[in-house]
Amino acid sequence: MTEILNGSDFGGISVHNFSEKILEQVVHFHAMKLNGGFFLWIGSAPVLSNLAVSMSSKYDPMPLSTLVMGDPSNTAANSLAQRLAKRTKKQVFVSYSLPMTDSSLSLLVENRIKKEMELHPEHF
């Protein structure tokens with residue numbers, strides 16, 4: 001399901017929204033394409049509980065990553081940002097606002113993001 005703002009362009013920032021029911025939970029995705037990177041919010045309720053950023057480095061094959069805000073014991077946003085930065089070679093901001101109750105949920109969410117990136121690469 002895609003929102004009406006999907007693909008809208010706001011002065012160089014394009015917005016892409018999609019949702020999916022994963023493990024009996026509706027998960028919403030909000031992607032904003034930025035100049036040289038993108039911001040990805042994942043959640044089931046409109047909350048920004050954490051924010052991580054990751055980017056490639058010429059000194060290390062694994063992208064640098066840090067948690068900008070949120071609980072440092074929850075590494076979901078940080079690790080997802082790092083994997084997406086490695087995959088896209090772009091700067092990636094990730095907010096992962098889903099409960100960490102089921103480890104398979106994170107894998108299914110990441111697979112859904114990869115699928116969307118293949119279907120709509122212009123938004124990432």
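Start by selecting Glu116 in this predicted model: Glu116 is buried, with a relative accessible area of 4%. You will find Glu116 in helix H2, which covers residues 103-119. Now show the side chain of His16 as well; a polar contact of 2.6 Å joins it to the side chain of Glu116. Beyond its neighbours within four places in sequence, Glu116 is in contact with His16, Phe18, Pro121 and Phe124.

Next, select strand S4, residues 37-43. Why is S4 largely enclosed by the rest of the structure? Because 7 of its 7 residues are buried.

Now bring in the partners of S4. Strand S3 (residues 25-34) runs antiparallel to S4, and 7 bridges join them. S3 and S4 form a hairpin with 2 residues between them, and Gly36 in the turn has a positive phi of about 90 degrees. Strand S7 (residues 91-97) runs parallel to S4, also joined by 7 bridges.

For the last stop, select Asn78 in helix H1, residues 76-88. Is Asn78 buried or partly exposed? At 22% relative accessibility, Asn78 counts as partly exposed. Follow its side chain to the backbone nitrogen of Thr66, reached at 3.3 Å. Leaving aside neighbours within four places in sequence, the contacts of Asn78 are Ala52, Ser65, Thr66 and Leu67.

Note on methods: Residues numbered from 1 in each chain as written. Predicted model: local features only at pLDDT ≥ 70, side-chain atom pairs only at ≥ 80, totals over all residues. Heavy atoms only, no water. Helix = DSSP H or I, 4+ residues; strand = E, 2+ residues; numbered from the N terminus. Buried < 20%, exposed > 50% of the residue type's maximum accessible area, 1.4 Å probe, protein only. Contact = heavy atoms within 4.5 Å. Polar contact = N/O pair within 3.5 Å; in protein donor to acceptor, adjacent residues only side chain to side chain. Pairing = 2+ DSSP bridges.
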